[in-house]
Amino acid sequence: MSRISPGRAAALGAVAVALLVSGCGRQDGSGGSGGDGRGGGPGAGVPSQPVTADSRGPDAPRYGAELAERPAQPSRDCAGKTGTLLEPGPVDSAMGLRAMTVWLTHCGTGTYRLDGYPTLQVLAEDGTAFDVHSLRGAQAITTGVEDPGPHPVTLRHGESATAGVVWRNTYANTTKDPVKGARLQVLPVPGRPAQTIAPDGGIDLGSTGRIGTTAWRKAAAGSGAGRPTGPAPSTPAS
């Protein structure tokens, strides 16, 4: 993943959740493992259903299609949209730690309720799911990031919620190919449709096999992706 400029990193602020190092593979449903780094079982807390067009939002990028240039900040623009709009913020990187903010904007009618952590699944370019664990909470990686913890969040039309997503590009187990995901499937809350986003530069997990997230929190009115959701650690904790 290419590093962002210092100005862009400052605009992002710090969002961090910790990741512990473990092995990783790539889920192909074969029930076994081979020399290409594919594994048989899904990661803990990761949805095991296959990703189909019906499970992705109407604005999600289609696999194999050329991606249009994405804006540096989420638009949070509901014009012409219904349901929910899921957008990635810029990806910040420092000493192998990657951090970004995921923005969910309610573009439908009535209210949209969240409570807890989104569930994440890392996808290859062709839509294949890697065998990656979706972690909840920030303490496993760093104490320098605030996680609000599970609490009810109610969104009205045009309002947004954010969750911090963090992973490490640590490649310690050289017996397996490093995980290099192209897209991230996000299940905001059980019972709601999952949506797919394409973070800038992809998801480079190395051999850690884990990606973490903070709980959803309501975004302040008029806030942008540059607002930090937690204090920045001076150096990533191990």
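Are C78 and C107 buried or exposed? In this predicted model, C78 is buried, and C107 is buried as well. The two cysteines form a disulfide, with their sulfur atoms 2.1 Å apart. A pair of cysteine sulfur atoms counts as a disulfide within 2.5 Å. By this rule, the count is one disulfide. The link of C78 and C107 is left-handed, with -75° about the S-S bond. C78 sits in the loop between β2 (38-39) and β3 (84-88), while C107 sits in the loop between β5 (97-106) and β6 (111-115), so the pair ties together parts that are 29 residues apart in sequence.

The strand β5 comes next. Ten of its ten residues are buried, so β5 is largely enclosed by the rest of the structure. In a regular strand, side chains alternate between the two faces of the sheet. Both faces of β5 are covered. One side carries L97, A99, T101, W103 and T105, and these are buried.

Which strands pair with β5? One partner is β3, which pairs with β5 in the antiparallel sense over five bridges. Here, E87 has W103 in β5 as its bridge partner. Another partner is β4 (residues 92-94), which is antiparallel to β5 and joined to it over three bridges. In this pairing, D92 stands opposite A99 in β5. A further partner is β11 (residues 160-168), which runs antiparallel to β5 and is joined to it by nine bridges. The bridge partner of M100 in β11 is V165.

β4 and β5 also form a hairpin, with two residues between them. M95 lies in the turn and has a positive phi of about 55°. G96 belongs to the loop between β4 and β5. Is G96 buried or exposed? Its relative accessible area is 14%. Buried means under 20%, so G96 is buried. G96 and Y171 are 75 residues apart in sequence, and their C-alpha atoms are 9.7 Å apart in space.

An open sheet of three strands has the order β7-β13-β14, with antiparallel pairing. β7 (119-123) and β14 (195-197) stand at the edges. Each has a single partner strand, so one side of each is left without a neighbour in the sheet. From one strand to the next, the twist averages 25°. Strand β13 (residues 183-187) pairs with β14 in the antiparallel sense over three bridges. Across this pairing, L184 stands opposite I197 in β14.

In soluble globular proteins, nonpolar side chains tend to be buried together. The largest nonpolar core of the model has 27 residues. Which residues have the most contacts inside this core? They are V122, L184, I211 and W216. β5, β6, β7, β10 (152-156), β11, β13 and β15 (203-206) each supply at least two residues of this core. The largest share, four residues, comes from β11.

Residues up to four places away in sequence are not counted here. V122 touches T128, A129, F130, V132, V179, G181, R183, L184, I203, L205 and I211. Among them, L184 and I211 are also listed with V122 for the most contacts inside the core.

β10 and β15 both supply residues to the core. β10 has a covered face, made of V153 and L155. β10 runs antiparallel to β6, and five bridges join the two strands. In β10, T154 is the bridge partner of R113.

In β15, both faces are covered. I203 and L205 are buried on one side, and D204 and G206 are buried on the other. Of these residues, I203 and L205 are among those that V122 touches. Strand β12 (residues 179-181) pairs with β15 in the antiparallel sense over three bridges. V179 stands opposite G206 in β15, and V179 is also one of the residues touched by V122.

Definitions and conventions. Residues numbered from 1 in each chain as written. Predicted model: local features only at pLDDT ≥ 70, side-chain atom pairs only at ≥ 80, totals over all residues. Heavy atoms only, no water. Buried < 20%, exposed > 50% of the residue type's maximum accessible area, 1.4 Å probe, protein only. Pairing = 2+ DSSP bridges. Axes fitted to C-alpha atoms, helices over the stretch in contact; angles between N-to-C directions. Core = buried A, V, L, I, M, F, W, Y, C linked by side-chain atoms within 4.5 Å. Contact = heavy atoms within 4.5 Å.
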